[in-house]
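Here's a quick tour of the model on your screen. We'll start with the overall picture and then walk through a few helix contacts.

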Amino acid sequence: MGPSGRFWRGVVFALAGATLWGFSGACIQFLAENCDISSAFISAVRAAVAAVLFAAFALATRREALLSLVGSAAARPTLVLFGVGLYLSQITYAVSVALTNAGTATVLQATCTVFVMLFTCLRARRLPQLTDFAGLVCALVAAALIATQGDWGVIVLPVAGLVWGIANALSEALYIMAPQRLYDHWDRLAIIACGMVIGGVASLLVWLAGEGVVALLATDAGPAQAASAAGAGGSAASVSAAVVPTLLADIFGSGGGFIPQLDAVGWIVLVGGVGVLGTFTAFGLFLYGVSLVGSVKGSLLGVAEPAGAMVIAALWLQTPFSAADWTGLLLMAAMIVLVSLSGRSSKDQRAGTPRGEAIG
């Protein structure tokens, strides 16, 4: 396949992955609003499901490439950084959604593109290409319009939500940029599988350790405090919330138990919607696309997430399109055109070498 075909395949894969991200965001908001479930548990399940599926897929189709990559001492530090970035992006997004809403969290997440472009330009000691910068403006405005429907009053920005949202954007920039140089030397799917497995292990360890700490802190409230709260019309949950630090409560809840009580719908949404479609399929498609088009253009295409969520809602839930939706879609289309024009003019794309930050 020639350079042009490779680039367009990357665009399609990245956009498909971003669309499924939008679906997973809606699933996470559903779980946060309707189930007593912690962000850490959501992240642990989604990362574990994706890790198992990616490992099985890579062993079945890329065994030699996978073993060669794992055996490379030089690649291991970057793989660990990549995996940690993947996990951090998942947990920070889940907390951001819980503290704000899916639309606000998505707008904050879209600032990832700013960080990727900034870090890339600083490393290369140059200004961004005009087409990339114009695409950035289109993408950010489109994300804001679709998420807020043109009404800035729906943006919910408590300080904690803002901090977690920016942390989410930075972690996304980390996992997008970290493996770019590995893509030049190793099989792309093997790299993604290794990163997902590392992220899955990290998510399980953090969840188990964090839930244990929160459970101990909640228990330390003691019967005297529980009786005092009950006498004042309070509950065990209010006692736990008072004892567990806010930061831990945002991530792990208030000590209500390791495994939440979910009905069949909740488990289907968590495992199927968030784990299989919103993580395994979405990250696989998006990261493969990024490996073909580069970090800057990949991060720009990733901002199509809210547009994907809107289209899915319209087709699945018969949600009508508003003027803000149509405007956002047009801006997203303009961003894709600008990214494709920039990709065509890239020296590395003409040479057929998909090299990370050099593309963009």
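## The big picture

The protein has 17 helices and 0 strands, where helices (H or I, at least four residues) and strands (E, at least two) are DSSP runs numbered from the N terminus. This is a predicted model, so local features need pLDDT of at least 70 and side-chain atom pairs count only at pLDDT 80 or more, while totals for chains, interfaces and linings use all residues. Residues are numbered from 1 along each chain as its sequence is written, and side-chain values use heavy atoms, with hydrogens and water left out.

Of the 360 residues, 50% count as buried (under 20% relative accessible area; exposed is over 50%, partly exposed in between, with a 1.4 Å probe and protein chains only). Take the contacts (heavy atoms within 4.5 Å) with a separation of 6 or more: 85% of them come from residues 24 or more positions apart.

## Helix α4 against α8

Helix α4 (residues 76-99) packs on helix α8 (residues 159-177) at about 155°, with the axes 8 Å apart. Axes here are lines fitted to C-alpha atoms, for helices over the stretch in contact, and angles run from 0 to 180 degrees between N-to-C directions. That makes α4 roughly antiparallel to α8 (under 35 degrees is roughly parallel, over 145 roughly antiparallel, 65 to 115 roughly perpendicular and the rest oblique).

On the α4 side, the contact includes Leu81, Phe82 and Leu99, and α8 brings residues including Trp164, Asn168 and Tyr175. By class, this contact has 12 nonpolar, 8 polar and 1 charged residues (Ala, Val, Leu, Ile, Met, Phe, Trp, Tyr, Cys and Pro are nonpolar, Asp, Glu, Lys and Arg charged, and the others, Gly among them, polar).

Among the buried residues of α8 are Trp164, Asn168, Glu172 and Tyr175.

## Helix α2 against α4

Helix α2 (residues 39-61) also packs with α4, at about 140° and with axes 9 Å apart. The two are therefore oblique to each other.

Ser39, Ala40, Ser43, Arg46 and Ala47 in α2 meet Tyr87, Gln90, Ile91, Ala94, Val95 and Ala98 in α4. These residues divide into 7 nonpolar, 3 polar and 1 charged.

## A loop residue: Gln261

Now for a loop. Gln261 is found between α12 (246-252) and α13 (264-293), and is exposed, with a relative accessible area of 77%. Gln261 and Cys35 are 226 residues apart in sequence, yet 8.0 Å apart in space, C-alpha to C-alpha.
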